[in-house]
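User: Hi! Could you walk me through this one?
Analyst: Happy to, here it is.
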Amino acid sequence: MFEILDRRTTLTGNQIKILAAAIIGDALEFFDYFLIGFVLAFLIGPWKLTFGQSATVLMSSGIGAIIGAYLWGWLADRVGRRIVFIGTVLNFSIATGLLYFTPDNGWVYLAILRFFVGTGVGGLYCVDLPLVQEFMPSHKRGWVGGLVTCVIPLGVGLGAVLGAIMGTDQWRLLFAIGVLPAVLVLLVRLWVPESPRWLCRQGRYDEARKSLAWALEVPPSELPLPSAADAGPIVTTSWFDLFKYPRSLIVSWLGNAGAQTGVYGITLWAPALFVLLLKVTPQQAAKMMILLSVTGFVGRISFSYFSELLGRRVAGGLLGFGAGALTIIAGYHYDATLLGMSAFWLLLGAAFFFADGGFAIVGPYAAEVWPSHLRTTGMGSAYGFGGIGKIIGPVGLALIVGSNNYLKPDVPLTQIPTAFVYLGCWFLMAGAVYLFFGLETRGKSIEQIDKELNATADVAASATIRRA
């Protein structure tokens, strides 16, 4: 049955609806997630926060994302993509809305609620990409997967625009606006059915045919009734099955860890660092973040194309080495000017073409390297493990600069170059992992990838048995 899907050369209106739902979800998801960076720029002065307190607020969502990615990703393989998609949106939208009630000097309240924002964000990212990919032809999977992630910088950019126009005492309104993603639940209920591949793996063959027929906009009777041959036998998944695929584990876990540590360390701190280093107002710092959002958006579109042109491995290497080099150079020029403008700001803008743009590879590829019955569990585990970067990225910078230092413009920040070398090296590690250890999935159907991965796992299992 899925051969008919792979023969399609254009997307139907319903496939575009699936894509639109995921795109809107990702944009609003990361709008919610990165709001804290803009809010923090407003609070560092009035609340007299230290780098350590600020890092606690920034990293709490990272801890939540780790738990959310593992939990929601596992559930999506067990109970289905669609219901988990809805649950994650409600999770992070409600938690963000509750942040509107943050009391003055309530950085602990901020940290606690940000933890719950993180659980929803980590979960949605791990279910929307597999959901989209399982409705798409193989030759469009890389491009479409990258396109879903392209809008994430627009979510950050929306936060930057709102942060630029908000008054100093209006930062709570940013959190109130963060409730809007809950509207997405209505779109999902109206548009998106359950994944036909997931239904097929559950033995629900008639429902799978109806789901794919809806996506292809044909009567179900025009499609053959699927069987176990279409999506493999019915499998009861176990989290420990992930370790049967060590190469998938290494590439998806370490690639995510390197990319997330670098990009979250920079993005969450950037508005506050612009205030501290460049002596600008929080509103001006938010405007400066628009450049990073724009270059990140252009980068994601470019890397969506690179993933099909160059392959996943080479494109992933380009992400890591390009972002790592420019991040390190930016750190050493934090107090320099170029063409009358801050060299630090311009270099970070260039770095984000690779650092943020490369996530058009990181997310979709982390789903592709796992067999179908472990796709969201594997992607969730990778995003969850990489979520360590949401902690060690912002915390690492704070520790290097001095966690007890207050965030004031007159604090000497001579350790900024060292902090950016730290973040840059994480990008470099991700690039090396993708380039030298990656599995090439370009142009391969999901079923072909499954066969190759399962054949490798079977060979490894047989070798273990023989050694025993």
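Analyst: One convention to begin with: angles under 35 degrees count as roughly parallel, over 145 as roughly antiparallel, 65 to 115 as roughly perpendicular and the rest as oblique. This is a predicted model, where local features need pLDDT of at least 70 and side-chain atom pairs pLDDT 80 or more, while totals for chains, interfaces and linings use all residues. Residues are numbered from 1 along each chain as its sequence is written, and side-chain values use heavy atoms, without hydrogens and water.
User: Thanks! At what angle do H15 and H16 pack?
Analyst: Helix H15 (residues 312-332) and helix H16 (residues 343-355) pack at about 170°, with axes 8 Å apart. They are therefore roughly antiparallel. Helices are DSSP runs of H or I, at least four residues, numbered from the N terminus; axes are lines fitted to C-alpha atoms over the stretch in contact, and angles run from 0 to 180 degrees between N-to-C directions.
User: Which residues make the contact?
Analyst: Among them are Leu 318, Gly 322 and Leu 326 of H15, and Phe 344, Leu 347 and Phe 354 of H16. Contact means heavy atoms within 4.5 Å.
User: New topic: how many salt bridges are there?
Analyst: The structure holds 12, each a side-chain nitrogen of Lys or Arg within 4 Å of a carboxyl oxygen of Asp or Glu. One of them joins Glu 134 and Arg 201 at 4.0 Å, N to O.
User: And where do those two sit?
Analyst: Glu 134 is in the loop between helices H5 (107-133) and H6 (138-150), and Arg 201 is in helix H10 (residues 196-201), 67 residues apart.
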